[in-house]
Structure formats: C-alpha cells, structure tokens
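I am opening a notebook on a structure that is new to me. I will write down what I looked up, in the order I looked.

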Amino acid sequence: MNHQSADMTTNPSLLLRLRDIRDRQAWALFVEVYGPLIFSYCRRKKLQDSDSADVSQEVLTTLSKALTSFEYLPERGRFRDWLGKVTHRELLQFWKRQGRFNAVQTADGHEAIHSAEDKKNWDEHFHCELMRLAFARIRTEFENDTWQIFEQLWFEDKQPAEVASFFKINMGSVYVAKSRVLKRLRAEVLMLSDDLPLIEGR
C-alpha cells in the first residue's frame, strides 16, 4: 500500500475551493462528480438522456453562479439537501414545460419542490453515487490485499476472524487494513461533499 497517500491529511473542501472561480481544477472535479450524479437521478425520474442532460446542465449552471459566494454551514443544512432542492426545482420546471406537472401547494402557499419521498430517494441516490465515486478514486492508493480485506469486511460483511483466516494473517492486520482504507475514505468524502455522516458508524 502507498502509505504516504493513504495517510494524507484531509484535502481542502471542494465546496470551499469553488468559491474561487479561478480554481479550474476544483470546478472540473465538481462537474466530474456531480454532473453524472444529477444526470443519473434525472434518468431515475424517467427523463430521456437528452432531457436529463439539459436538466443537469441547468442545475450546474445554477450552482456555478451560487457557489462562488457559498458559505457552508452544516447546522443550517447539508450540501446534499441544497443540491437536492436545486435539482428538484429544475425538474419541476422541466415537467411544467412538458405540461406534465400539477403544482402541489405547501401550507404557506408556495409550490412544493419535492416530497418527503423525493427527499428520501435523493438522499439514497446521493449516498450511493458519491460513495461509488469515492471508492473508485481511492482504490489505486492501496495494494490488492489491503483492498480485498476491506472489501470482504465492508461489502461482503464478513467477520474479522473469517477474513483473517482467509488471508492467513492475524486479527490486528485485518483491523489495520480496514482502518487505513476508512481513514482515506472519510477524507475523500469530506473533500467531495463535507458529508461525513454518509459513512459514520462503519
């Protein structure tokens, strides 16, 4: 395993870096991460590829204007919640243009952007897509044995003793491998979204 990479400190938050419009690397990463995430969510909402691409572009355009002055305050809500609202607002506008949406009014007379079920589905989608990308981004930083140990513990939900027996190593080595990957995973998730609760308790 590449110990220097795996033990690195947390990178500056992507969301904070986006406040600098000159940070092209940050903006490129943001589009790489969140463009496909938004697109695939639109496809789950039964939009065609072209329509999903259009809605995704509208969301990204809205975000590019707002994020330069974005102030991340977790106590007021997480980035994924804000992104979900922006995405559902653009979906609502798309459905209106298609004549396929009857507005639902909230108690204060405003149009409901998304339902509780929508929010649940969005949170699950955000979680799965962000974790998938985070895993892919850190995979090459670890030797195969270290990663396979982690996969058996995390994805296959095997017991540490079973994993230790399979790899013919002691339990301490199993826990060390898991700890190293989790540490790096947490750092990557924090960098991409500031949303550590995605993996708390694992």
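This is a predicted model: local features need pLDDT of at least 70, side-chain atom pairs count only at pLDDT 80 or more; totals for chains, interfaces and linings use all residues.

**Entry 1: confidence.** Over residues 1-10 the pLDDT stays under 50. For that stretch I find 18 contacts beyond four places in sequence. Residues 103-110 also have a pLDDT below 50. There the model has 8 contacts beyond near neighbours in sequence. Then I looked up the chain as a whole. The mean pLDDT of the protein chain is 84. I note that 80% of its residues reach 70 or more.

Entry 2: Next I took helix α3, residues 24-44, and helix α9, residues 171-193. How do their axes cross? They come within 11 Å and cross at roughly 100°. An angle of 65 to 115 degrees counts as roughly perpendicular, so α3 is roughly perpendicular to α9. Which residues make the contact? On the α3 side I list Leu29, Val33 and Tyr34. On the α9 side I list Met191, Leu192 and Ser193. I sorted the contact by class: 5 residues are nonpolar and 1 is polar. No charged residues take part in this contact of α3 with α9.

**Entry 3: cysteines.** I looked for disulfides next. A disulfide is a covalent bond between the sulfur atoms of two cysteines. I searched the whole structure and found 0 disulfides. I then checked two cysteines for accessibility. Is Cys42 buried or exposed? Its relative accessible area is 0%, so Cys42 is buried. Cys128 has a relative accessibility of 48%. The exposed class begins over 50%, so Cys128 counts as partly exposed.

**Entry 4: Leu92.** I moved on to helix α5, residues 79-97, which holds Leu92. The relative accessible area of Leu92 is 5%. Buried means under 20%, so Leu92 is buried. I also looked up its distance to Val55. Leu92 and Val55 are 37 residues apart in sequence. In space they are 10.0 Å apart, C-alpha to C-alpha.

**Entry 5: Asp118.** My last stop was helix α6, residues 116-138, where Asp118 lies. Is Asp118 buried or exposed? I read a relative accessible area of 17%. That is under the 20% cut-off, so Asp118 is buried. What does Asp118 contact, leaving aside its neighbours within four places in sequence? I wrote down Tyr41, Lys45 and His88.

Notes
Residues are numbered from 1 along each chain as its sequence is written. Side-chain values use heavy atoms; hydrogens and water are left out. Axes are lines fitted to C-alpha atoms, for helices over the stretch in contact, and angles run from 0 to 180 degrees between N-to-C directions. Helices (H or I, at least four residues) and strands (E, at least two) are DSSP runs, numbered from the N terminus. Angles under 35 degrees count as roughly parallel, over 145 as roughly antiparallel, 65 to 115 as roughly perpendicular and the rest as oblique. Contact means heavy atoms within 4.5 Å. Ala, Val, Leu, Ile, Met, Phe, Trp, Tyr, Cys and Pro count as nonpolar, Asp, Glu, Lys and Arg as charged, and the others, Gly among them, as polar. pLDDT is the predictor's confidence in each residue, from 0 to 100. A disulfide is a pair of cysteine sulfur atoms within 2.5 Å. Buried means under 20% relative accessible area, exposed over 50%, partly exposed in between (1.4 Å probe, protein chains only).
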